[in-house]
Amino acid sequence: GRHDRGLRHGPPPFATTSSISTSLANRLTLQNGFSTTSSQLTNTYAVNPNQRIGYTQQWNFGLQHNVTRTMLSNLPSLRILNLSKNHISYVEKGAFKSNHLLQAIRLDGNELTDMSGLFNTLPNLVWLNISDNRLEHFDYALIPKSLQWLDVHSNLIPELGNYFQVDSQLSLQTLDVSFNRLTELTASMLPDSLQILSLNDNLISSVQPYTFFRKDNLTRVDL
């Protein structure tokens, strides 16, 4: 019989592809299976000019229970971190202190009860999903000023705290706090930068006067 097997050599974006034909008279072995020929094709590719070979820029984790301060300390170039849908119940404060380049973090679908001391010192973080956990407390002081997109839906949050009155310093544009335990809304709970706000499926019984006054950037509110 005749079989064509496509082989890919080397890590992206420097991979090349070759097609090797085999038959009973010309069998594929470990000795000849990875030889190069004049018919070898080199892929067309584009290279990120900021790519640093040897440094991890994106990690997907499968782990359980805890994230410690040392787990990511050797990944200073980390930009995207996916820790979603594990069984993480605790992330140690300062766990991301060595990862100042982080831009996006997924921690959704875990068992976290607290987010204090985790994200507020990340100057480049713009995207954070910590939905579907067991968070019982939220304050805007817990997120960095750079954050633009935040999803905390399906938690146990009773209030959008603003104890340190940092709302005017935030860059937050999209906020999903649906399916929580909010009971009221006030103006101080909503940063002026907000454009899209999801508040549906809470326990809201009171919206204070002028809650949405001067929220000029708002284009959508789901109550």
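Helices (H or I, at least four residues) and strands (E, at least two) are DSSP runs, numbered from the N terminus. The model is predicted, so local features need pLDDT of at least 70 and side-chain atom pairs count only at pLDDT 80 or more, while totals for chains, interfaces and linings use all residues. Residues are numbered from 1 along each chain as its sequence is written, and side-chain values use heavy atoms, with hydrogens and water left out.

**Two loop residues**

Asparagine 99 sits in the loop between strand 7 (87–91) and strand 8 (104–106). Its relative accessible area is 0%, so asparagine 99 is buried; the classes are buried for under 20% relative accessible area, exposed for over 50%, and partly exposed in between (1.4 Å probe, protein chains only). Leaving aside residues up to four places away in sequence, asparagine 99 touches Leu72, Leu75, Pro76, Leu78 and Leu122, where contact means heavy atoms within 4.5 Å.

Leucine 118 belongs to the loop between strand 8 and strand 9 (127–129). With a relative accessible area of 2%, leucine 118 is buried as well. Its contacts, again without residues up to four places away in sequence, are Val91, Glu92, Lys93 and Phe96. From leucine 118 to proline 144 the C-alpha to C-alpha distance is 9.8 Å, and the two residues are 26 residues apart in sequence.

**Salt bridges**

The structure contains 3 salt bridges, each a side-chain nitrogen of Lys or Arg within 4 Å of a carboxyl oxygen of Asp or Glu. They are tabulated here.

| Arginine 106 | Aspartate 108 | 2.8 Å |

Lysine 215 counts as buried at 9% relative accessibility, whereas aspartate 192 is partly exposed at 35%.

**Aromatic pairs**

A search of the whole structure returns 5 aromatic pairs. Rings of Phe, Tyr and Trp (its six-membered ring) pair if their centres lie within 6.5 Å; planes under 30 degrees apart count as stacked, over 60 as edge-to-face and the rest as tilted. One of the pairs joins phenylalanine 138 and tyrosine 140, edge-to-face, at 5.2 Å centre to centre with 85° between the planes. Both phenylalanine 138 and tyrosine 140 are buried. In the pair of tyrosine 163 and phenylalanine 164, the ring centres are 5.0 Å apart and the planes lie at 85°, so that pair is edge-to-face. Tyrosine 163 is exposed at 67% relative accessibility, and phenylalanine 164 is exposed at 56%.

**Nonpolar surface patch**

Val207, Phe212, Val221 and Leu223 make up a nonpolar patch on the surface, with about 320 Å² of accessible area together. Patches consist of residues with over 30% relative accessible area and no salt bridge; like charges are joined within 9 Å and nonpolar side chains (Val, Leu, Ile, Met, Phe, Trp, Tyr) within 5 Å. Accessible areas come from the Shrake-Rupley method with a 1.4 Å probe, and for residues only the protein chains shown count as cover. Leucine 223 lies in the segment after strand 15 (220–222) and is exposed at 58% relative accessibility.
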